[in-house]
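Here are some notes to read alongside the sequence and the 3D view. Each numbered point takes up one topic.

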Amino acid sequence: MSESFSLNMDEEIESILYICREVSVYKIPPLKKNEGHRAGEWGDLADPLWKGRLRITEKSTGAAMLLEDNSTGELFARAEYDPARPSIEAVLDSSRYFVVRIENEGKKAYIGMGFAERGDSFDFNVAIQDYTKRWKVKMNPPEEEEEAAPVSTGPKKDYSLKEGQTFSISIPGRSKPKPSTTTGDLFGDSTSSSSSSGLGGFSGLLPPPPSAPKRT
């Protein structure tokens with residue numbers, strides 16, 4: 001007996017970006033003008049309105065936050081997350097509490113959400129930031145690199161030496177020999193000497209001094 005399985009290609013794959021087993025939900029007071037939300041104004045934080053798990057999922061259409069019952073998986077609330085219109089706002093007085101905007105059929109509601117541990121809230125922030133980065137790249141893809149310049153397909157030039165051809169190489173640092181110069185000696189005679197001569201241009205010898213007269 002053989003069994004046949006069919007794969008529904010229309011069913012979209014859902015990715016789970018984040019899971020927290022325990023989050024608390026609070027009823028929050030209206031936001032005051034020109035002020036942010038503060039968890040300290042929510043009443044007794046040890047007595048939440050609801051407790052359960054939080055999942056952040058992603059599909060091609062976007063990401064969503066799901067607040068579900070830990071045991072049954074029953075959905076308590078769902079908040080779509082659009083980086084262009086963020087539905088999450090951190091409070092001013094704690095890193096573990098946030099305000100979540102929930103929209104349903106044109107209606108909006110705001111609830112408070114808290115994590116038991118700072119590590120959980122940190123991981124939550126990282127998951128949101130990672131998704132936002134990927135969303136920005138998707139919305140603003142990098143420009144394609146310019147096409148490389150075409151390689152010439154013409155005949156190759158022949159740079160080899162033909163028979164009888166030579167070439168010279170100039171080595172830097174080597175000075176050319178200086179030409180000889182003609183200078184005069186002490187007696188007015190012209191002599192030719194090299195600038196490298198150690199006699200400094202005097203090539204003749206001095207005449208001997210006159211002999212002294214003999215005494216009788």
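**Notes on the model**

1. Glu 22 counts as partly exposed, at 40% relative accessibility; buried means under 20% relative accessible area, exposed over 50%, and partly exposed in between (1.4 Å probe, protein chains only). Lys 51 is partly exposed too, with a relative accessible area of 47%. Glu 22 and Lys 51 form a salt bridge, their closest N and O atoms being 3.4 Å apart. Glu 22 lies in strand E1 and Lys 51 in strand E2, so the pair ties together parts that are 29 residues apart in sequence. A salt bridge here is a side-chain nitrogen of Lys or Arg within 4 Å of a carboxyl oxygen of Asp or Glu.

2. A word on the source. This is a predicted model, in which local features need pLDDT of at least 70 and side-chain atom pairs count only at pLDDT 80 or more, while totals for chains, interfaces and linings use all residues. Residues are numbered from 1 along each chain as its sequence is written, and side-chain values use heavy atoms, with hydrogens and water left out.

3. Next, the overall layout. The protein chain has 1 helix and 9 strands; helices (H or I, at least four residues) and strands (E, at least two) are DSSP runs, numbered from the N terminus. The order of the elements from the N terminus on is β-β-β-β-β-β-β-α-β-β. Of the 216 residues of the protein chain, 25% count as buried. Among contacts between residues at least 6 apart in sequence, 47% join residues at least 24 apart, where contact means heavy atoms within 4.5 Å.

4. How many salt bridges does the structure hold? There are 8 salt bridges. In one of them, the side chains of Arg 55 and Glu 14 meet at 3.9 Å, N to O. Arg 55 lies in strand E2 and Glu 14 in the segment before E1, so this pair ties together parts that are 41 residues apart in sequence. Arg 55 is buried, with a relative accessible area of 16%, whereas Glu 14 is partly exposed at 37%.

5. Another salt bridge joins the side chains of Arg 53 and Glu 68 (2.9 Å, N to O). This pair links distant parts of the chain, with Arg 53 in strand E2 and Glu 68 in strand E3, 15 residues apart. Arg 53 counts as buried at 18% relative accessibility, and Glu 68 counts as buried at 6%. Glu 14, Arg 53, Arg 55 and Glu 68 are linked in a network of salt bridges.

6. Which residues have the most contacts inside the largest nonpolar core? They are Leu 54, Met 65, Leu 67, Met 113, Phe 115 and Phe 124, in a core of 24 residues. A nonpolar core is a set of buried Ala, Val, Leu, Ile, Met, Phe, Trp, Tyr and Cys residues joined through side-chain atoms within 4.5 Å. At least two residues of this core come from each of strands E1 (15-27), E2 (50-59), E3 (62-68), E4 (75-81), E6 (97-104) and E7 (107-115) and from helix H1 (118-139). Apart from this core lies another, of 7 residues, among them Tyr 26, Ile 28, Trp 42 and Tyr 97.

7. Leaving aside neighbours within four places in sequence, Leu 67 is in contact with residues including Val 23, Arg 53, Leu 54, Phe 76, Ile 111 and Met 113.

8. Two further residues can be compared in the view. His 37 lies in the loop between E1 and E2 and is buried, with a relative accessible area of 8%. Leaving aside neighbours within four places in sequence, His 37 is in contact with Ile 28, Leu 31, Glu 89, Val 91, Leu 92 and Val 99. Phe 122 has its place in helix H1 and is exposed, with a relative accessible area of 53%. The C-alpha atoms of Phe 122 and Arg 96 are separated by 8.2 Å, and the two residues are 26 residues apart along the chain.
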